Amino acid sequence: MSAEVAVVNTQGKGPQEIVTDVVVIGAGAAGLMCAAQAGARGRRVLVLDHANKAGKKILMSGGGNCNFTNLYTEPANFLSENTHFCKSALARYTQWDFIALVNKHRVPYHEKKLGQLFCDNKSIDILKMLLAECEAVGATVQLNTSVEKIECIPRVDAMSGEGAQVAEGVVASNSTPAKATKADKRAKAAKPSKGASAAPAAPPNDGYLLHTSIGPVRCQSLVIATGGLSIPSMGATGFGYDVARQFGHRVLPTRAGLVPFTITDQLKDLCTELSGTSVDCLVSCNGKSFRENILFTHRGLSGPAILQISSYWLPGQAVEINLLPDRSVPDWLAQQRLDRPNAELKTLLGEVFTKKMAQLLCEQWFPSKPIKQYTHAEMEAIADKLSAWQVVPAGTEGYRTAEVTLGGVDTREVSSKTMESLKSPGLYFIGEVLDVTGHLGGFNFQWAWASAHAAAQFV
Ligand code: FDA
């Protein structure tokens, strides 16, 4: 435990009570960043995580090389019911700020494609960097610790009225009233922002008391950085949503995002046969399109274009896949018919796809014959299938393999300037637990850094 975090006795009995300025629950990307930055402001910070290791998702990210940001980050790269919410934090802590931090720690990196920055070595470089930043400012990271209960401590000066009722059994003997000036400053900063609905006046409080597996912990500011539901085997839980609900927040329905599709109908055989084949495509759904590779798998479809569109797809809907996005397929087929009338369709398709894929498409979709023998209607049907293939996925692989969770804590009840709850002063939500989800390509980490930085200036 860091010397920066005071440890006191509660009335001489029971486990020691820890008193600190800030508790961050979740030692992931957002939590560590927030701890480091709040610590740099002189705040005593304690990070609690139930996992046995910090930053497990950082370690597994980017195929082990952590795609830590994107050069072209902008608000349009994020999904949220409240599209304005992410703008302020992203503008105040940009990809360039994070790159400066990476450079300061001499972490080697490269742009892979589309502005995506990856570590040259392993993701652990980013985790080590964040832990070093925490250590440098005395922020303590306490692993293997579960939080069983959270209580809000009413301000002492509010206890003569209704607050006294709530306070029963909560305030320990050594409670220190928060300075009115700090609470007032916070209340001012947490005014509803653009896109945030005006919340009813929140009751004043004197911080939070946490019942944890290491004993009671008291803090002025509580930051929830527990992420989303994806990859439960890595320690993901719905804890942050439960805390949000406890303090009167709306939690928008969650679903897996950046996730492969499963296919169970007659297409399954094609996917299985082509498993491992990757094709550059334009994939569209609900007015959104992504141009990248799709990957056939034993379970269905994956690859970057599929992961991207999965965040926009809803069950039962069709996804449109243009398998030949660089050409007008009707024009190309018509030209082939003129130039090479005796060429078989299988041969022509074998020039733009793998031989195996051409063969399978002909077996399953349109029996191969010399191109001159197709009727006009058949030519149209072939062009249509190749340029606007309609696929109705059975579902997604779910949280087991999803990179992110869509939905979450409704940002209309959170300050976009401070990330503070508009319902309960001193409570903050950062990172993926919020209803802000980035596209594939380093955007989700950039949101974790930016939202963490925003909160860290006010906790
Ligand atoms: P994060 O999930 O990182 O951290 C949450 C922390 O809270 C964890 O340490 C967890 O143990 C802890 N926690 C949860 N419940 C708790 C509880 N009840 N009590 C105590 N602690 C609790 N993004 C990107 O930009 N580039 C990339 O390359 C990738 N790659 C990638 C690969 C894979 C396989 C996945 C699953 C995800 C990605 N992502 C990504 C997404 C990215 O990892 C994700 O958006 C961020 O880690 C979110 O950061 P948070 O800090 O919000 O949550």
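How do the residues of the shell around the ligand divide into nonpolar, polar and charged? In this predicted model, 12 of them are nonpolar, 13 are polar and four are charged.

The shell can be looked at residue by residue. In total, 29 residues surround the ligand, and the closest are Ala30, Asp49, Thr237, Glu432 and Phe445. Three helices each supply at least two residues of this shell: H1 (29–40), H2 (56–60) and H15 (443–456). Of these, H15 gives the most, with three residues.

In glutamate 432, an N or O atom of the side chain is 2.8 Å from a ligand oxygen.

Next comes a sheet. Strands of a sheet pair through backbone hydrogen bonds, and the pairing is either parallel or antiparallel. Here, seven strands form an open sheet with antiparallel pairing, in the order E18-E17-E14-E15-E16-E13-E19. The edge strands, E18 (389–391) and E19 (395–396), each pair on one side only. Within the sheet, E14 (residues 278–285) and E15 (residues 288–296) run antiparallel and are joined by eight bridges. Serine 278 stands opposite leucine 295 in E15.

Helix H14 (residues 376–387) lies across E17 (319–322) and E18, and runs at about 105 degrees to E17.

Methods: Residues numbered from 1 in each chain as written. Predicted model: local features only at pLDDT ≥ 70, side-chain atom pairs only at ≥ 80, totals over all residues. Heavy atoms only, no water. Near = heavy atom within 4 Å. Polar contact = N/O pair within 3.5 Å; in protein donor to acceptor, adjacent residues only side chain to side chain. Helix = DSSP H or I, 4+ residues; strand = E, 2+ residues; numbered from the N terminus. Nonpolar A, V, L, I, M, F, W, Y, C, P; charged D, E, K, R; others polar. Pairing = 2+ DSSP bridges. Contact = heavy atoms within 4.5 Å. Axes fitted to C-alpha atoms, helices over the stretch in contact; angles between N-to-C directions.
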